[in-house]
Structures are given as structure tokens and as C-alpha cells.
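Please look over the model below, turning it slowly, before you read the questions that come after it.

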Amino acid sequence: MSHGWNPYAALPSGLRRQLGIVGVAVVLLLWFGLSASGWISANKLPSPVSVVKALAYLTWSDGKSLLFDATLWSVGRVAAAGVLVVVIGVPLGIFMGASPKLNALLSPLIDPFRSAPVVALLPILVMWLGIGETMKVTFLFLGAVVYLVPMVRDAVQAVPQSYWTGARDLGASPWECIRHAVVPIAMPRIADAIIVSVSVMWTYITVAEYVNAKVGLGQLIQNARRFSAMDQVFAGIAVIIGRIGTGYLLDKFWAPGVAFAEPSLPVASCLLLASGAGGIPGAVVAVVIAGLAAGAEFDLMSFLVSRYFGAGRY
């Protein structure tokens, strides 16, 4: 029992994988039991079988795939906002971490929004930017950048001062110390911050697509809710959760090299669907894989950063 409560004890990889599978299996069995017992109406809690059938229906029905189109649009919105978040948030966080004065100036403007409901800004964005794609991308950007900037700043400030001092002793300028000594050491944590920010955008995608979105996972879930099709609501949510969990599973249970293959999955799925290979079953598999692998380019980027700067973890 004492070993079980030791936070420094390392579990064998096989045991960790088995315990993770057991945890998921318990939740699924509990779901099966509650849905089969009749204690909760199927309109509120559909059975896992109904959700799988709804997922198959959304994947391919009447010669088209609602899920495939919705996933592509949602991925596009998250990717557009993600590029802005990384391009703006990472440099700004580095500058704030490197400059105490800049940090003191900007922290009161950024830090409070980490605990504030960004959804409250949605009416203002609608008034300023309309109800088009610009508003949706801006909303996703604001929802994620307020998390990324402080996390990047904290990653830079957490680097031991000895790295900066050592670079100065070797004749580097203050900015060269930040660029060549501090930032490389902070990169693994910055990569983790990017992953968190992308996941935050996926939690906000349903809210962003509630406003005048013709296609998207959020719009698909909203339409299903209007018609009380809770099995389709659960199916849409499962795709979003599956996308967020893809990077986690690859990082925890698979070999690191597998991450290189992940971004090719959406492309392969699109080709498989377009060519009609495998008929409807092949299309079902293709779209499900595309949904689960959506947004994997950010996981790849963070993996590459961790791989090449991983030796700098502190």
C-alpha cells in the first residue's frame, strides 16, 4: 500500500497501459448499465450502441458524409486560429518572460482572462465582426491565446538563472542569452503549452459554430439537439474528444515515431473517401480516422520541439 501512494514510483509501461484500459472500460460498462437499466431516458442518455449507429449514419448516409464535411470545416477554423495563436502568443510570452517590465505591463491585461469566461466576449465580437468566419476564428484565437501567453511566460521564467549567467560569462548579449540559452531550455514546456491551447480551442469550437455556422461539428451538434437526437449529439462530442485524445494516446502508449505518421491520416482518409475504395465500409473507416486525427499538425509540431529540445528539460 505504501508503494501505491508513492508519487515518485515509476509504473511499468505495461501496467500503466492496463490500468488506463481498465479505467475506460469501467466508464463504458457503467454507461451500458445505466442506459440498459431504464433509469435514465434514452432521450437524455443514449446507449453506446445507439451512439455508434448514429456515428455510422453521420459518417455515410444518402451518398454523402455529414461528419466528414463538419470535421473539415471545424479543423479549418481551429487551424486558422491556431496559426495566429502560435505566431502571436509564443513570441509575446517569450518577451514577457524575458522582460520583467513588459511582464508587469501586460500581465494585468492577460492573466485575468484565464479565469474569466471568454464566452462573454461573443456578443461583442458579433457586433464588431459580424457572424462570418472572421468572428469565429477571432473567438477561438482569444479563447486560446490567453492561456498560451502566460504558460509560455512561465516556461521562460522557470529556466534556472544559471543558464543565462553562463551565457553572459561566455560573452553573449542579454538578448543572445535569451535566444540561445533560455528559450531552447524552455521549448519542451512551450510545446506542452501549445498542445493545451489547441485543446482549449477544440472546447470552444462548439460555441463558435453555434453562431450562423452552416457546417461544422458545433453546428452538427446544435442541429441534433434541436431535433432531440441525443445519439447524434453524443457522436459529435465523441469525435471532438477523440481528436483531443489522439495526441494523448500516441504520447502515452505508442512509440514516439508514430507521431510522424499521424498528420498523414486525414490526407489518406480524404483520398480513400474520394476514390471510393472499400465502398461504404471503407468510407466509414476513412471519415472516423479523419475525425480522430483532425488537428494533428499541432501535435506533430510539439512532438518535434520536444524531440529536438527534449534534452533541455529541467
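The questions and answers below go from the whole chain to single residues.

This is a predicted model, in which local features need pLDDT of at least 70 and side-chain atom pairs count only at pLDDT 80 or more, while totals for chains, interfaces and linings use all residues. Residues are numbered from 1 along each chain as its sequence is written, and side-chain values use heavy atoms, with hydrogens and water left out.

Q: How many helices are there in the protein chain?
A: Helices (H or I, at least four residues) and strands (E, at least two) are DSSP runs, numbered from the N terminus. The protein chain has zero strands, and its number of helices is 13.

Q: What percentage of the residues in the protein chain is buried?
A: A residue is buried under 20% relative accessible area, exposed over 50%, and partly exposed in between, using a 1.4 Å probe and protein chains only. Of the 314 residues in the protein chain, the buried share is 39%.

Q: Is Arg-153 buried or exposed?
A: Arg-153 lies in helix α6, which covers residues 133–157. Leaving aside residues up to four places away in sequence, Arg-153 touches Gly-93, Met-96, Gly-97, Asn-103, Ser-107, Asp-111 and Arg-114, where a contact means heavy atoms within 4.5 Å. Because its relative accessibility is 6%, Arg-153 counts as buried.

Q: How far apart in space are Ala-116 and Val-146, C-alpha to C-alpha?
A: Ala-116 lies in the loop between α4 (100–110) and α5 (122–129), and its relative accessibility of 29% is why Ala-116 counts as partly exposed. Ala-116 and Val-146 are 30 residues apart in sequence, and their C-alpha to C-alpha separation in space is 9.9 Å.

Q: Which helix gives the most to the nonpolar patch?
A: Val-24, Leu-28, Phe-32 and Val-49 make a nonpolar surface patch of about 330 Å². Val-24, which lies in helix α1, counts as exposed because its relative accessibility is 51%. With three residues, the helix that gives the most to the nonpolar patch is α1 (residues 13–37).

Q: How many of the ten residues of helix α9 are buried?
A: Helix α9, covering residues 217–226, is mostly covered. Its buried residues are Leu-217, Gly-218, Gln-219, Leu-220, Ile-221, Gln-222 and Ala-224, so that, by the cut-off of under 20% relative accessible area, the number of buried residues among the ten is seven.

Q: Which residue just after α9 takes a positive phi?
A: The phi angle there is about 55°. The residue that takes this positive phi, just after α9, is Ser-228.

Key:
Patches are made of residues with over 30% relative accessible area and no salt bridge: like charges are joined within 9 Å, nonpolar side chains (Val, Leu, Ile, Met, Phe, Trp, Tyr) within 5 Å. Accessible areas come from the Shrake-Rupley method with a 1.4 Å probe; for residues, only the protein chains shown count as cover. A salt bridge is a side-chain nitrogen of Lys or Arg within 4 Å of a carboxyl oxygen of Asp or Glu.
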